[in-house]
Amino acid sequence: MEAIGEWWRRDGDSSTEYKRGPPEDDVSETEGMLRGNSQITRLNEAIAATKNQMTQNIELELDRANKVKDIHAASENLTEASDMFRKDSVALKRKEFWKRVKCWLCVIMIAIVLIILIVMYFCGMDFSEC
């Protein structure tokens, strides 16, 4: 009689009790224990290998997260630097524009003064001869 994967045998013809035990053609009990121990050992090795792999994966993920944080911080710094550069360049452009305007105004004023001096030379100081 077989019950859920285990062999049961009857102990004697007149007894109604059944005792658990392997069938006679199975391996001996010590070999079964050794086989069970080797399976446990293999399972423990597989668990250890899986644990090591998961630990390595977690370490890699933490490294990636740190790299992402570093890249994010660098990009924020670059964004701030580019904003400052844009503001400074606009301010410098305005400053240079007004510097050129002042320079042209000086050139125009000098030209007007020269024209007045030349006209005064030919027409006299009071412009009576023109």
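These legends describe several close-up views of one predicted model.

Residues are numbered from 1 along each chain as its sequence is written. Because the model is predicted, local features need pLDDT of at least 70 and side-chain atom pairs count only at pLDDT 80 or more, while totals for chains, interfaces and linings use all residues; side-chain values use heavy atoms, with hydrogens and water left out.

**View 1. One helix and three strands make up the fold of the protein.**
Along the sequence the pattern reads β-β-β-α. Helices (H or I, at least four residues) and strands (E, at least two) are DSSP runs, numbered from the N terminus. Helix H1 spans residues 29-123 and has the highest mean pLDDT among the elements, 93. Strand E1, residues 2-3, has the lowest, 45. Here pLDDT is the predictor's confidence in each residue, from 0 to 100. The protein averages 82, and 72% of the residues score at least 70.

**View 2. Over residues 1-11, pLDDT stays under 50.**
For this stretch the model has 22 contacts beyond four places in sequence. A contact means heavy atoms within 4.5 Å. Strand E1 takes up residues 2-3.

**View 3. The accessible surface of the protein comes to about 12300 Å².**
Carbon and sulfur atoms hold 63% of that area. Areas come from the Shrake-Rupley method with a 1.4 Å probe; for residues, only the protein chains shown count as cover. Of the 130 residues, 3% count as buried. Buried means under 20% relative accessible area, exposed over 50%, and partly exposed in between (1.4 Å probe, protein chains only).

**View 4. Arg64 and Glu61 meet in a salt bridge.**
The N to O distance is 3.5 Å. A salt bridge needs a side-chain nitrogen of Lys or Arg within 4 Å of a carboxyl oxygen of Asp or Glu. Side chains of opposite charge can pair when their charged atoms come close. Both residues lie in helix H1, three residues apart, about one turn of the helix. Arg64 is partly exposed at 48% relative accessibility. Glu61 is partly exposed too, at 44%.

**View 5. Asp83 and Arg86 also join their side chains in a salt bridge.**
N to O, the distance is 2.8 Å. Asp83 and Arg86 are three residues apart in helix H1, so about one helical turn separates them. Asp83 has a relative accessible area of 27% and is partly exposed. The whole structure holds two salt bridges.

**View 6. Phe97 and Trp98 form an aromatic pair.**
The structure holds two aromatic pairs. In this one the ring centres are 5.2 Å apart and the planes stand at 75 degrees, so the pair is edge-to-face. Rings of Phe, Tyr and Trp (its six-membered ring) pair if their centres lie within 6.5 Å; planes under 30 degrees apart count as stacked, over 60 as edge-to-face and the rest as tilted. Phe97 is partly exposed, at 40%.

**View 7. Tyr121 and Phe122 pair their rings edge-to-face.**
Their centres are 5.3 Å apart, with planes at 75 degrees. Tyr121 is exposed at 66% relative accessibility. Phe122 is exposed at 59%.

A disulfide is a pair of cysteine sulfur atoms within 2.5 Å. The count comes to zero disulfides. Cys103 is partly exposed at 45% relative accessibility. Cys106 is partly exposed at 46%.
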